[in-house]
Amino acid sequence: MSMPFTFHILTFGCQMNVNDSLWLAGVLSARGGKEADVGTADVICLNTCSVREKPEIRVKNMLSQICGSRKANPPLLIAVLGCVAKQHGEDLLSFPNVRLVAAADHLFELPDVIEKILQNPDQRVALLDFTEDFVEREEGIPLFSAPTAYVNIMQGCDNFCTYCIVPYTRGRQRSREAGAVLSECRQKIGYGAKELVLLGQNVNAFGLDACRGHKTQRPSFARLCQEVAALPGLQRLRYTSPHPKDMTEEDIAAFSTLPALCPSLHLPMQAGSDRILRRMGRGYTRKDFLLLVERLKNARPDIALSTDIIVGFPGETEEDLNETLSLMEACGFVSSYSFCYSDRPEARASTFPDKISQETKVKRLEAVQSLQEELSRKWLASRCQTETDILLEGPSKRDAEGRKSWQGRDPYNCLVHVHLPEDAGKRGESVPVRIREAGKHCLFADPLP
Ligand code: SAH
Ligand code: SF4
Ligand code: F3S
């Protein structure tokens with residue numbers, strides 16, 4: 001018998017953490033938990049990320065902030081989950097009220113563990129080892145922000161890019177059973193999802209788990225996409241993130257053969273010079289990357305590509321930076337996330353010499369971001385007067401003329417505001433529109449008659 005309790009989940013980091021937190025909230029709710037704010041919740045979960053910066057400091061600050069604001073309310077259970085939990089482990093239990101630390105692999109058992117700790121407040125639990133397989137999780141209330149739902153297809157990563165902590169915090173890649181992926185997709189479509197996003201740290205290596213000698217009884221990633229795309233009721237399919245070195249001929253062809261697969265792809269480039277790509281351990285050259293982009297554009301000429309860029313990797317010269325800028329330009333990315341390189345103690349690059357000063361990193365980041373602004377502006381401008389379909393997400397703010405509008409995404413994953421009276425739209429509805437004008441990061445459109 002579960003007892004009533006209130007909970008609050010704070011989430012940092014990537015989409016996988018966001019999705020994990022949604023699952024946890026759905027299961028805790030199904031078991032009688034109620035969401036409450038940080039000031040009053042019985043259970044506070046911090047789902048953490050350590051991909052950059054000083055995560056331990058951020059988490060510690062957050063913990064003292066929570067404890068400070070909660071002095072009058074002692075029976076509080078704080079759970080530190082995710083990548084910082086894996087990284088700092090049992091040390092985190094020394095913080096007041098932290099009674100549970102759990103790596104992402106242990107999410108599946110948290111609802112039981114949280115209930116047990118609530119019944120026995122003296123208990124401290126650390127769940128930190130990696131599981132052998134992708135462990136299936138119980139079904140809760142499927143929470144997602146309609147019309148888009150995310151579905152995990154794997155855990156961990158085998159790539160060990162030299163700057164990256166993910167293989168150490170999330171473990172080796174373990175692919176989920178295809179049947180389980182499909183059944184979660186069906187369930188979410190049943191609850192109103194029109195768009196599904198398949199999630200993983202290296203989605204297109206699905207089934208090729210190094211810990212099993214690359215032999216799993218899994219369909220190829222392209223085959224999995226075909227099966228998901230064929231599910232009745234699904235309008236749009238996306239995935240994130242694929243690795244450029246693992247993009248197969250079939251993966252590329254899917255952009256021309258699967259109508260549900262959207263013409264948008266997040267393809268992390270990281271850097272543009274062969275020397276830096278090699279030192280990052282990315283497994284492709286500048287030429288390979290360009291060729292891949294060319295083949296994707298042949299398969300789907302209107303494909304909108306976005307990317308991730310790291311500047312200031314150890315040993316990066318101005319020339320290397322210029323190669324990053326010229327490759328971004330040659331690929332014509334419609335948007336990108338860019339970051340200053342940050343040392344991760346576990347990752348190999350932290351031992352590399354020739355570290356770049358913070359000042360130089362910031363300057364280089366500005367160069368990347370200003371080029372991206374120009375590329376994004378060009379792309380958004382090129383969309384004006386074209387016709388497309390918007391999947392409505394919800395009402396948006398009034399525009400300059402005070403008219404109410406709706407917002408949603410087009411197939412290129414671009415945010416579009418469309419003039420529709422509030423009662424004329426419905427979340428999840430697909431509306432044909434003509435793009436009227438471009439904003440800085442979004443488009444404005446009118447519905448087609
Ligand atoms: N698995 C995904 C993304 C992983 S983390 C992929 O390979 O694309 C998301 C992004 O954070 C990465 O693409 C990279 O650009 C950035 N990143 C990872 N480690 C970093 C580090 N140590 N310093 C700066 N940026 C980093
Ligand atoms: Fe990190 Fe590289 Fe794996 Fe992405 S592919 S999670 S950057 S190790
Ligand atoms: Fe961060 Fe872990 Fe995701 S380090 S980016 S939360 S896999």
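A backbone N or O atom of Q201 lies 2.7 Å from a nitrogen atom of ligand 1 in this predicted model, a polar contact being a pair of N or O atoms within 3.5 Å, where within protein one atom must be able to donate a hydrogen and the other to accept it, and residues adjacent in sequence count only if both atoms are side-chain atoms. A backbone N or O atom of S342 is placed 2.8 Å from a nitrogen atom of ligand 1, and a polar backbone atom of Y163 is 2.9 Å from a nitrogen atom of ligand 1. In total, 15 residues surround ligand 1, and the closest are R52, Q201, Q270, D308 and S342; a residue is near a molecule or strand if one of its heavy atoms lies within 4 Å of it.

The model is predicted, so that local features need pLDDT of at least 70 and side-chain atom pairs count only at pLDDT 80 or more, whereas totals for chains, interfaces and linings use all residues; side-chain values use heavy atoms, with hydrogens and water left out. Residues are numbered from 1 along each chain as its sequence is written, while chains are lettered from A and ligands numbered from 1 in the order in which they are written.

Ligand 2 has C157, N159, F160, C161, Y163, C164, V166, P167, Q201, H243 and R282 around it. By class, this shell holds seven nonpolar, three polar and one charged residues. In this grouping Ala, Val, Leu, Ile, Met, Phe, Trp, Tyr, Cys and Pro count as nonpolar, Asp, Glu, Lys and Arg as charged, and the others, Gly among them, as polar.

Helices (H or I, at least four residues) and strands (E, at least two) are DSSP runs, numbered from the N terminus. Q270 has a positive phi of about 70° although it is not a glycine. Q270 is counted as buried because its relative accessible area is 7%; buried means under 20% relative accessible area, exposed over 50%, and partly exposed in between (1.4 Å probe, protein chains only). A positive phi, of about 65°, is also present at H214, which is not a glycine and is located in the loop between β10 and α7.

Strand β10 (residues 195–199) is mostly covered, with five of its five residues buried. E195, V197 and L199 point one way from β10, L196 and L198 point the other way, and all are buried. Strands β7 and β10 run parallel and are joined by five bridges, pairing being assigned if DSSP finds at least two bridges between two strands. V151 has L198 of β10 as its bridge partner. Five bridges also join β10 to strand β11 (residues 236–240), again in parallel, and L199 stands opposite T240 in β11. Together, β10, helix α7 (residues 221–229) and β11 make a right-handed β-α-β unit; a crossover is right-handed if, with the strands pointing away from the viewer, the path from the first strand over the helix to the second runs clockwise.

Strand β5 (residues 98–102) is likewise mostly covered, five of its five residues being buried. Four bridges join β5 to strand β4 (residues 77–82), and the two run parallel; A79 stands opposite L100 in β5. Strands β4 and β5 form a right-handed β-α-β unit with helix α3 (residues 83–88). Strand β5 is also joined to β6 in parallel, by three bridges, with A126 in β6 as the bridge partner of V101. By contrast, the β-α-β unit made by β5, helix α4 (residues 110–119) and β6 is left-handed.

Two cis peptide bonds are described here. The bond from A146 to P147 is cis, with omega near 10°, and P147 lies in the loop between β6 and β7. The bond from T240 to S241 is cis, with omega near -5°, and S241 lies in the loop between β11 and α8 (249–257).

The count of disulfides, defined as pairs of cysteine sulfur atoms within 2.5 Å, comes to zero. The sulfur of C262 is too far for a bond because the closest cysteine sulfur, in C225, is 12 Å away. C331 is in no disulfide either, the nearest cysteine sulfur, that of C161, being 17 Å away. C262 counts as buried at 3% relative accessibility, and C331 is buried at 0%.
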